Amino acid sequence: MDMESKRFDVEEVMERAALAAAVFSQLDQEHTDRIVRAAYLAGFNARVRLAKMACEETGLGIWQDKVIKNVLATQLVYEDIKDEKTVGVIGEDHERGIVEIAQPLGPILAVAPVTNPTSTVMFKILIALKTRNPILIRPHNRAIRCSSEAARILYEAALGEDAPEDCVQWLGNTSREETHALMSHKRLALILATGGTGLVKSAYSSGTPAIGVGAGNVPVYIERSADIPFAVKQILISKTFDNGTVCASEQAVVTERALTGQVMAEFQRRGAYFLNEEETRKVEAVAFDREQGVMSMDVVGQPAAHIARLAGIEAPSDVTLLIAPQKKVGKGYPLSSEILAPILAYYVVEGLPEAINLCIELNYHGGIGHTVSIFSNDEEVIRQFAAAMNAGRILVNTPSSQGAVGAIYNRLAPSLTLGCGTGGKNITTDNITARHLLNIQRIARRRVNEELELFDKSLYLDESVDAAAVEKLYHRNR
Amino acid sequence: MVRFEETETKLLVIFSGKLDTLACQATDEQVLGRVRAASGTVEFDLAEVEYVASVFLRICLQTAKAAGPGRFSVVRVNPVVKKVFMIAGLGSLLAEE
């Protein structure tokens, strides 16, 4: 039976996961760390093969870039978490009388996306193992072989260090009903949902705690103090990375009229092609599914030259990026939406206030809470921009694809699950990592609140005593 | 690692040490064989056990099935192992003590 058609029994899968969770609870930090290291080494050593498998199976992206994603998911994640305490006492504050104890959550269902099918799997397995949580990998139906292979490699390496049997399980082709049954299973502790909006919504509706991600629609503002050649180079590094499949990749460039000549020339010098109005309409037609109101899978992760051919545009064969000048943001302007491909919207504004307003519109057009980017050398402008945005990550002078995932261009936690806060219907804006997969128990020792102890509590019963009076007395003799 | 004490009414299986995958694989046939042959109730005594692997939990499940309803229990577990049974959803196998 091949992997795609393999069925599974939800109850059996969950029972195995529950047993693994039970056995995991006995492991100490040293044993846990040995398991994580073995899994990381095996995943890292398979990085090239898995990257090639992912490209071949999904038909998306560039294998060399997927290697980098696999490196982030293994080496850089490992370096970030390897010394973290995740078992037993992880913190002590003698003054406050608080001792923190880490406990695993229990079985985690990890949904993996088609755009990062091996890196996301390896990342989630490593942070689950580090926190002694069994993990069930639910691959995207178009990436079952490569995601399963990534899971198998890490699992077998973990077993080599006496990891609990079934601490990693991977599922074959999963129907909507099976996914729902898993998500709502009483023995499931958490859903780590990285995927499309529908799937993330299902996770949140299941009744099981979930850490989801929101969609992105990343504006990048090239401000007048920016180093323009540097900025354009960084944006190209980011937007062409894996043919634009990273949800934190730039979707729209915003720049000022005084700079646009230089910005355009820099983009063109680096192989980008500016579309005219007619060409823009043609690209819109192939890149955006108007009926569904989302990007078309025909262009996701495809090279710019392929998209140009698909749209019937005569762009140079070595074109790196298609850039569509736009006037407005919204439903009537499909390329102002998120398109995970080497296509960029391009806006020219008169100055800072208009630029920030436009970035707010882009940010709120499907990308609330995710990521925004600015190229600037003016600290005051950077602060104004940041304060106006609703984004978990405000990246400065950084390629946003590589910047948002952390550890390469900044010290954000390396992650392939980027929280988008309440704006993106998520519980956090953090880059999700091992510490999010722990229940923290707190031993709270007696430390009497001296101010409360000295305060005459009978005053609480006297209606004539107002808050101002209480506050004064409460803090007296401090 | 495992020893047996059997009377007409009860088979007591006393385990000790680390019941990891290898240890369980070495003894599971012997244990299940004795369980199937037993005519009375079956008890697993885990007082001297410091670690259990998934395989051992499966042996418990198989034993419970082979012994029949109400005829199998796990006794004298330490708190770590008790927690393992509770997390696994096998708390009903633990004897009330």
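Tutor: Let's take the labels one by one and set each against its definition.

Tutor: This is a predicted model, in which local features need pLDDT of at least 70 and side-chain atom pairs count only at pLDDT 80 or more, while totals for chains, interfaces and linings use all residues. Residues are numbered from 1 along each chain as its sequence is written, and chains are lettered from A and ligands numbered from 1 in the order in which they are written.

Student: How is chain A divided into domains?

Tutor: Domain 1 of chain A covers 3-213 + 432-439, and domain 2 of chain A covers 218-411. Such bounds come from an automatic or database domain assignment. The C-alpha centres of the two domains lie 31 Å apart, and their contact takes 10 residues from domain 1 and 9 residues from domain 2. Being in contact means that the C-beta atoms of two residues, placed from the backbone, lie within 7 Å.

Student: What makes strand 4 and strand 5 of chain A a pair?

Tutor: A strand here is a DSSP run of E with at least two residues, a helix is a run of H or I with at least four, and both are numbered from the N terminus. Two strands pair if DSSP finds at least two bridges between them. Strand 4 (residues 135-138) of chain A has 3 bridges to strand 5 of chain A, so these strands meet the definition of a pair. They run parallel, and A:Ile135 in this pairing stands opposite A:Val168 in strand 5 of chain A.

Student: Why are strand 5 and strand 7 of chain A said to stand at the edges?

Tutor: The open sheet of 5 strands has the order 5-4-3-6-7 in chain A, with parallel pairing. Strand 5 (168-170) and strand 7 (210-212) of chain A each have a single partner strand, so one side of each is left without a neighbour in the sheet. From one strand to the next, the twist averages 15°.

Student: Which strands does helix 5 of chain A lie across?

Tutor: Helix 5 (residues 119-130) of chain A lies across strand 3 (108-111), strand 4, strand 5 and strand 6 (190-193) of chain A, at about 170° to strand 4 of chain A. Axes are lines fitted to C-alpha atoms, for helices over the stretch in contact, with angles from 0 to 180 degrees between N-to-C directions.

Student: Why is helix 2 of chain A called roughly antiparallel to helix 5 of chain A?

Tutor: Helix 2 (residues 29-45) of chain A packs against helix 5 of chain A at about 170°, with their axes 9 Å apart. That angle makes the two helices roughly antiparallel, since angles under 35 degrees count as roughly parallel, over 145 as roughly antiparallel, 65 to 115 as roughly perpendicular and the rest as oblique.

Student: What is the make-up of that contact by class?

Tutor: The contact of helix 2 with helix 5 of chain A has 8 nonpolar, 2 polar and 1 charged residues. Ala, Val, Leu, Ile, Met, Phe, Trp, Tyr, Cys and Pro count as nonpolar, Asp, Glu, Lys and Arg as charged, and the others, Gly among them, as polar. The residues from helix 2 include A:Ile35 and A:Gly43, and those from helix 5 include A:Leu126 and A:Lys130.

Student: How many strands does the other open sheet have?

Tutor: That open sheet has 7 strands in the order 10-13-14-9-8-15-16 in chain A, with parallel pairing. Strand 8 (residues 218-222) and strand 15 (residues 369-375) of chain A pair over 3 bridges, and A:Tyr221 stands opposite A:Ile374 in strand 15 of chain A.

Student: And where does chain B touch chain A?

Tutor: 14 residues of chain B are in contact with 13 residues of chain A. Strand 3 (41-52), helix 2 (54-67) and helix 3 (79-87) of chain B each give two or more residues to that side, and helix 3 of chain B has the largest share, 4 residues.
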